[in-house]
Each structure stands twice: as C-alpha cells, then as structure tokens.
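This briefing goes through one protein model by topic. Please have the sequence and the coordinates open while reading.

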Amino acid sequence: MIINKNNFKIIYIIYIIINIINASDNVKLSNCGQARAEPTFKQSENGGQCQLPPPTIGTAALSLSAFNGGARCGQCYELTGPLGKTVVMVTDGCNSGEACAQKDLFNFVISNKDFDKIGNSSSYTNIYSLGYQEVSCGFLGNIKIKFGGSLGQNGRVDYSYYFTVSFSNFNVGIKQVQILGTGMVSYMKLKRSLGGFTWNQESGGSKLQFPATLVLTGVDGQIISYKFRQPPANIAIDMKKQFIPQDGLLSKYNQSEICGMGNVPEYIYEDSLTFGWIVSNSWRFNLFNLSSQETDDNPALGENVIRMELAGNGGLAFTREGGFQTKYLESLKIMIKVVPPTNSLQCFFGASGIYVIPGPLGEDWQEVSIPISVLKPQTIEYSLSFYNNQGQSITMWIDNIKWVFSPEAPPTPVIITDPTITPPPIQSILTAAAGAGLNSIGITSNKGGIANLVEGSSNDDDGTNGGTGGGSNKVGKRVDGEDGDNFIGGDTAFSYYNDDNSSNILLFSSNITLTFLLLSLIIINILF
C-alpha cells in the first residue's frame with residue numbers, strides 16, 4: 001500500500017506544530033506566591049550579573065535574598081498585577097534600597113514596558129500585592145552551551161585543570177551541573193558562579209580529559225546529559241536538547257489554576273503600618289499621630305495606636321500602591337473609640353461610599369466587624385477610607401485594623417531562598433510506580449555509576465539501595481555499549497541515544513500520546 005504523500009505531509013506539519021506549541025507554553029512549576037514589583041527606566045546591560053544573552057521576553061532583577069547568589073539566573077516567572085500578566089526571566093540581582101535588602105518578599109525590578117502590562121507606572125511605582133509563579137520560559141529551539149578555560153603555554157585554551165560552562169535559552173531553571181571526564185571514577189559537581197558553573201581539579205584528582213559528559217538537572221527534576229569532545233572556547237554551541245516540562249512531573253501544580261494577585265497582608269495596622277500601606281492621601285485633619293500610646297491599658301491593644309483629629313468631612317485613607325484583590329476578603333475588624341460620640345463615621349473602598357459604621361461610636365474602646373460585602377468591592381481595590389460625614393470635628397483612635405479571610409483563601413506561601421529546595425521537589429520523576437523520590441534513580445556508567453547525580457543516587461545497575469529516596473526502583477538500568485551512555489528506562493522512563501554523542505533522559509508525557517496518535521493515523525492511511 002502506497003502512503004498518500006499529501007496526507008503524510010499534513011500529519012508531519014501537525015506534529016511539528018504540536019511540538020512548537022508544547023515548547024512555547026509557560027508550564028507552571030510552582031504554587032502561586034505573593035511578591036512586590038517596581039519599574040525601572042534602565043535595566044542591566046550585558047546580561048546583568050547572570051551574563052545571559054538578551055531573551056525574547058522581559059527580564060527582571062531580584063532582591064538579594066531571592067537572587068541568592070545567582071541560583072535563580074535564567075528562571076522565568078509569571079507576574080500578576082491589577083491590569084494583567086507578564087512573563088519575565090531573571091538576569092540580575094538588585095542591590096540598592098530597602099526593597100532589595102529585605103528578606104520577607106521577592107522583589108522584582110522590571111522594565112516600565114513590562115510593568116505597564118500588569119500595572120500603571122504613571123500612577124504608582126510599586127505593586128505591593130504582586131502575584132507570581134515560576135513557569136517554564138517557553139523559548140523555542142535548544143539550549144545553548146558555551147565553554148571556557150585557562151590559557152595554556154601554547155596560547156590555546158586548556159580545560160585540563162580549570163573549566164567553565166554557561167547555558168542560555170533553557171526553558172527550566174538549572175539546579176545543578178555535573179561532569180564526568182575520561183578517566184574520572186565518578187561525576188563531579190560544578191560550582192555555581194552567578195549564571196555559570198566552574199570546575200577546578202581537586203588536589204590529587206584527575207585532570208579533565210575528553211570525551212566528557214555533562215549532566216544538567218533542572219529545578220523540576222528533569223535530567224539532560226550531553227556528551228562532547230574538546231569544544232571551542234567562548235562560542236555558543238547548540239546542545240540539540242531542551243528541557244520540556246512533562247505533564248506527569250507537574251501533577252503537583254494545577255495547570256488550570258489561574259494565579260491572581262497576592263493576598264493582602266492580614267493587618268493594615270498593628271502597632272505600626274504594615275509594609276506597603278501609606279496614609280499620605282488622608283484629608284482634612286488637624287492632628288495625625290501614627291504611634292500614639294493612648295491605649296488606656298486595654299489588653300486587646302498593642303503599644304501604639306493611631307490618633308487622628310478629623311475635621312468635618314475629613315478622612316483617614318489607607319492606600320496600597322498597585323492595589324489588592326478582594327476575592328478572599330470576608331470582613332474587616334478594627335478596634336476604635338471616638339470623642340465626641342458619632343453615628344456618622346463611614347467606611348468605604350475607593351473615593352466614596354455610603355456604608356455607615358453602626359453607632360454610636362463612643363469614648364470606650366470597642367471592636368467593630370464590617371462585612372466586606374456591604375462595602376461593594378471591586379475585584380481590585382486601591383484604598384480603604386474612614387470618613388467623618390458631618391460638619392463637626394472628631395478625635396478618633398484606631399488600632400488592630402485587620403482583614404478576615406474566607407476559608408477558600410490560599411495560605412500565605414513560605415518564602416524560600418534556599419535554591420536546593422526551590423521549588424519543592426517533585427517526588428515522582430523517575431520512580432512513580434515504586435513510590436520513591438529523587439534520591440534513587442539507578443543510573444550507572446562504565447566508570448562506577450553517575451555518583452551524586454542526585455543525592456543518594458545508586459551505583460547498583462538495577463537501581464536498588466539508592467539512599468534515602470525509597471525502595472528498589474528498577475529504572476534506568478544501564479546497557480553496556482561502546483559509548484557507555486545509553487540507558488533503558490523502567491516503568492515510567494525511557495531515553496534515547498543520538499548520533500551527536502549526547503543523550504537526554506526523558507519521561508512519558510502528553511507528547512508520547514500525541515506521537516502514538518500520529519503514528520496511528522499513518523498506519524490507518526497505509527491500510528485504508
């Protein structure tokens with residue numbers, strides 16, 4: 001039976017399109033988080049501290065603790081603000097100002113162009129309730145690799161005792177890199193140096209000889225190996241490999257979930273204003289003290305309270321730059337007293353409202369709970385005000401201004417700055433059937449196994465006794481061959497060997513299903 005060439009071409013084109021779409025998707029690699037963003041007119045040139053070539057998407061500088069010495073170089077994040085979303089890649093750290101030095105939140109410094117995709121740089125210079133999520137970068141093409149070494153006596157680059165390598169155009173952040181040179185008994189871990197990695201010959205250790213194999217581990221647990229002969233220096237080389245986020249790997253993260261803005265902090269004021277709130281937009285007041293100690297020894301209060309003498313039709317406004325989402329806000333609680341007593345104190349979002357706090361509010365402290373629904377909130381709000389809706393002046397003391405969240409509100413994420421545990425490891429990368437984690441993958445080589453490929457890796461050919469990762473995995477058993485670089489996968493993994501002397505350890509995904517579907521169409525075309 002002769003294959004219909006036109007149909008075959010159509011099927012092949014569909015196959016290519018499917019793979020391009022898959023590669024260009026921004027697949028979720030972490031849970032939703034909350035952070036801060038600020039715009040800048042001028043971004044770092046020459047690749048920033050990460051020394052990465054300019055990507056096809058926006059770039060970001062991260063606060064120092066989040067940048068973590070370059071551990072997040074090349075990682076991509078989807079940022080969510082009041083006006084939309086954008087994806088940026090980390091290329092630099094920021095090192096000036098309190099926002100860069102603080103360790104409580106990720107702080108993204110992005111271009112005005114990217115900021116205006118999610119906010120309005122002409123109206124405010126911060127988004128304090130930014131939503132963010134690590135995603136794959138969606139770059140087309142393969143990972144590029146560049147080598148460097150020291151100059152030998154002949155003036156040529158010598159890799160024997162000192163070796164550097166950097167990568168670009170990778171879709172998933174690189175967690176670690178290891179190398180196995182000819183004659184080495186085990187893989188050696190390269191030291192991260194901002195956006196690159198460095199190897200030095202250890203005292204008494206083997207010098208680097210070729211051919212050699214590099215093993216890259218992505219932050220999502222994917223592993224790519226690359227076998228090469230002595231390379232030219234300072235030239236970007238196509239690895240012919242790319243991290244492709246796998247559906248099976250990412251089941252921990254809901255791919256259909258849409259991350260909104262980050263939740264507003266629980267307190268607006270508790271002894272002091274919470275970071276991100278300002279009161280400079282308040283109006284018509286005679287006295288304003290943010291740290292009055294007139295607590296009347298009330299045990300429900302802290303050391304400080306707000307005291308404000310509001311003139312008639314004056315207001316106390318709490319403003320949050322960049323806005324905040326109201327989706328999970330259930331009620332607002334405050335401790336308050338007013339002299340003289342009043343029935344005319346309003347509370348509202350935005351510029352005006354009609355809700356009057358039930359009174360009278362008098363000279364004794366009382367707790368007031370205001371349902372958010374009566375304030376008629378928009379999806380995104382920017383301010384909360386207390387308004388003296390009368391001609392007479394009042395003195396108001398207020399403390400413990402806090403939000404009560406609905407049960408559906410996501411928990412405040414833990415801010416993790418240790419790159420060895422960010423994002424949380426996916427525990428089913430190669431051993432889902434056996435229930436083991438990343439600690440035992442059972443891959444060996446003709447030089448004693450890929451030692452330290454991941455912590456607790458096994459040197460046993462069948463993948464047993466791999467350390468703390470769990471039981472016998474029976475995956476990745478080695479097939480001896482002259483290249484010593486071809487592996488057979490077990491129940492949930494497979495790999496292939498390419499003519500370019502490199503290998504890529506992959507996992508079953510929706511791509512496999514699509515491939516079989518296309519093959520089925522070809523067979524049907526042949527038979528019928």
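The model is predicted. The protein has 528 residues, of which 50% are buried, and its secondary structure consists of five helices and 28 strands. The structure holds four disulfides and five salt bridges.

**Overall make-up**

- The accessible surface of the protein is about 24,500 Å², and carbon and sulfur atoms account for 52% of that surface.
- Of the contacts between residues at least 6 apart in sequence, 73% join residues that are at least 24 apart.

**Disulfides**

- A disulfide is a covalent bond that joins the sulfur atoms of two cysteines.
- With the bonded cysteines numbered in sequence order, the pairing reads 1-8, 2-3, 4-7, 5-6.
- C32 and C259 form a disulfide with 1.7 Å between their sulfur atoms. The torsion about the S-S bond of C32 and C259 is about -80°, so this disulfide is left-handed. C32 lies in the loop between α1 (5–24) and β1 (33–40) and C259 in the loop between β15 and β16, so the pair ties together parts that are 227 residues apart in sequence.
- C32 is partly exposed, at a relative accessible area of 25%, whereas C259 is buried, at 3%.
- C50 is joined to C73 by a disulfide, with an S to S distance of 2.0 Å. The link of C50 and C73 has -80° about the S-S bond and is left-handed. C50 sits in the loop between β1 and β2 (58–62), and C73 in the loop between α2 (64–67) and β3 (76–81), so the pair ties together parts that are 23 residues apart in sequence.
- C50 is buried, with a relative accessibility of 2%, and C73 is buried at 5%.
- C76 is joined to C137 by a disulfide, with an S to S distance of 2.0 Å. The link of C76 and C137 has 100° about the S-S bond and is right-handed. This pair links distant parts of the chain, with C76 in strand β3 and C137 in the loop between β6 and β7 (144–151), 61 residues apart.
- Both C76 and C137 are buried.

**Salt bridges**

- Side chains of opposite charge can pair when their charged atoms come close.
- K117 and D114 meet through their side chains in a salt bridge, at 3.5 Å from N to O. Both residues belong to helix α4 (residues 112–118), where K117 and D114 are three residues apart, about one turn of the helix.
- K402 forms a salt bridge with E266, with 3.2 Å between the closest N and O atoms. K402 is in strand β24 (residues 394–405) and E266 in the loop between β15 (237–238) and β16 (267–269), so the pair ties together parts that are 136 residues apart in sequence. E266 is partly exposed, at 37% relative accessibility.
- E294 forms a salt bridge with R307, and the closest N and O atoms of this pair are 3.2 Å apart. E294 is in the loop between β18 (283–292) and β19 (305–325) and R307 in strand β19, so the pair ties together parts that are 13 residues apart in sequence.
- E294 is partly exposed at 30% relative accessibility, and R307 is partly exposed at 22%.
- A network of salt bridges links E294, R307 and E309.

**Residue N126**

- N126 is found in the loop between α4 and β6 (127–135), and this residue is buried, with a relative accessible area of 6%.
- The side chains of N126 and R36 are joined by a polar contact of 2.4 Å.
- With neighbours within four places in sequence left aside, N126 is in contact with R36, A37, E38, F115, E321 and G322.

Note on methods. Residues are numbered from 1 along each chain as its sequence is written. This is a predicted model: local features need pLDDT of at least 70, side-chain atom pairs count only at pLDDT 80 or more; totals for chains, interfaces and linings use all residues. Side-chain values use heavy atoms; hydrogens and water are left out. A salt bridge is a side-chain nitrogen of Lys or Arg within 4 Å of a carboxyl oxygen of Asp or Glu. Helices (H or I, at least four residues) and strands (E, at least two) are DSSP runs, numbered from the N terminus. Buried means under 20% relative accessible area, exposed over 50%, partly exposed in between (1.4 Å probe, protein chains only). Contact means heavy atoms within 4.5 Å. Accessible areas come from the Shrake-Rupley method with a 1.4 Å probe; for residues, only the protein chains shown count as cover. A polar contact is a pair of N or O atoms within 3.5 Å; within protein, one must be able to donate a hydrogen and the other to accept it, and residues adjacent in sequence count only if both atoms are side-chain atoms. A disulfide is a pair of cysteine sulfur atoms within 2.5 Å.
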